Amino acid sequence: MSYRRLRAVLIKELHHITRDARSLGMALAVPVMMLLLYGYALSLDVDQVPTLVYDQDGTNASRDLIKQFQGSRFFDIRGAVDGYRPIERGIDSNQILMGVVIPRDYSKNVGAGREAPVQILLDGSDSNTASIVLGYAETVVRNYSLQLRTEMQNRRGGEHGGAPVDARLRVWYNSSLESKNYVVPGLIAVILQIIAALLTSLTIAREWEMGTMEQLLSTPLRPAEIVLGKMLAYFVVGVADALMAVLVGIFVFGVPLRGSVPLMAVSLCVFLVGVLFWGVFVSAAAKTQLQAYQMGILSSFLPAFLLSGFVYEIQTMPPVIQVITHIIPARYVVTLMKGIFLKGVGLRVLWGELGFLLLYATILFILATRKVNQKLV
């Protein structure tokens, strides 16, 4: 491999990139725009659940229970109603998500120490959100029930008693439980895979359509030099995208960076190299720019969003799909980014993910070189 020939291809591609100012501006702006859009719009937090209350009892005991929901940050009591029909209309029109129904004999049952049922009505259209809200509601009712039982035992026994179990929770890594701290690091990885694959997916297909590939064929360039030269030119753009995305995540979204900056830089660079090689491979395999673009979108966007663990937990997927996720590079860089950002872990824990990205980049370089060689022959 000749350094002079590699440098010539690199300079040629850089000139092509800088001549098209509009495409260069889009390549730099789109990742930031996507990060801002998805970072603000894609929230996994479930709080301020719109709720209506149907209090059939109308006593101090029932009002105390309502205050428990009002005091929780997870519920937004929109008002009281006098029947089931307003709750049903609210759920049907998506104005509320939950209804709380307190029966007429609630205070009597509580005063007598008997079980006092409370009805929770939920919109189950989104099963995941409904399950989370149900857990919140059960927690509120359970804690209040424990409080009532403790007070009743104190009155009967004449002594101050405490709860049988005192659970003290400590949340590690994301103590505020804000979904942006979980979403943004993974989102950076996913966006970089999409952008990087699209940057190089058109490069060789464009050469054939513009007729400039014949000029390359007349030179002593080798396939490996073409692949490396084109990759390095777009690698510069990819590094700029990665830097801007990380800075937005830290300074705009306030995601804590607890781990090693050099490890994060190395991980993102290795990841970019592999994904850019994939784009070159797709471009060499495609016959037209349109086909290359479609193949690039299909092979980067869907796997990165669906099979990387960014949105959906891999452990909850069917076993066959879990096996397939092992060949998705975004899975490993998502793990790396979350580990470095939130947990502050280092190479001792993340060496496996980084090793796979190195292997992935090597294999894709070999495949892209062979595909370009077939095109040239």
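Biologist: Which residue in β2 is the bridge partner of L52?

Modeller: The model is predicted, so local features need pLDDT of at least 70 and side-chain atom pairs count only at pLDDT 80 or more, while totals for chains, interfaces and linings use all residues. Residues are numbered from 1 along each chain as its sequence is written, and side-chain values use heavy atoms, leaving out hydrogens and water. Helices (H or I, at least four residues) and strands (E, at least two) are DSSP runs numbered from the N terminus; β1 and β2 run parallel and are joined by five bridges. Within β2, L52 has as its bridge partner G79.

Biologist: What is the order of the strands in the open sheet?

Modeller: Two strands pair if DSSP finds at least two bridges between them. The edge strands, β2 (75-80) and β4 (119-122), each pair on one side only. With mixed pairing, the four strands follow the order β2-β1-β3-β4.

Biologist: How many residues of β1 are buried?

Modeller: Buried means under 20% relative accessible area, exposed over 50%, and partly exposed in between, with a 1.4 Å probe and protein chains only. β1 is largely enclosed by the rest of the structure, because the number of its seven residues that are buried is six.

Biologist: What angle does the direction of helix α3 make with that of β3?

Modeller: Contact means heavy atoms within 4.5 Å, and helix α3 (residues 60-70) packs on the sheet, touching β1, β2, β3 and β4. Axes are lines fitted to C-alpha atoms, for helices over the stretch in contact, and angles run from 0 to 180 degrees between N-to-C directions. The angle between α3 and β3 is about 160°.

Biologist: Are α7 and α10 roughly parallel or roughly antiparallel to each other?

Modeller: The axes of helix α7 (residues 179-200) and helix α10 (residues 223-252) come within 10 Å and cross at roughly 160°. Angles under 35 degrees count as roughly parallel, over 145 as roughly antiparallel, 65 to 115 as roughly perpendicular and the rest as oblique. The two helices, α7 and α10, are therefore roughly antiparallel.

Biologist: Where is N94 placed?

Modeller: N94 is exposed, its relative accessible area being 64%. Its phi is near 60°, a positive value in a residue other than glycine. Most residues other than glycine have a negative phi. The place of N94 is in the loop between α4 and β3.
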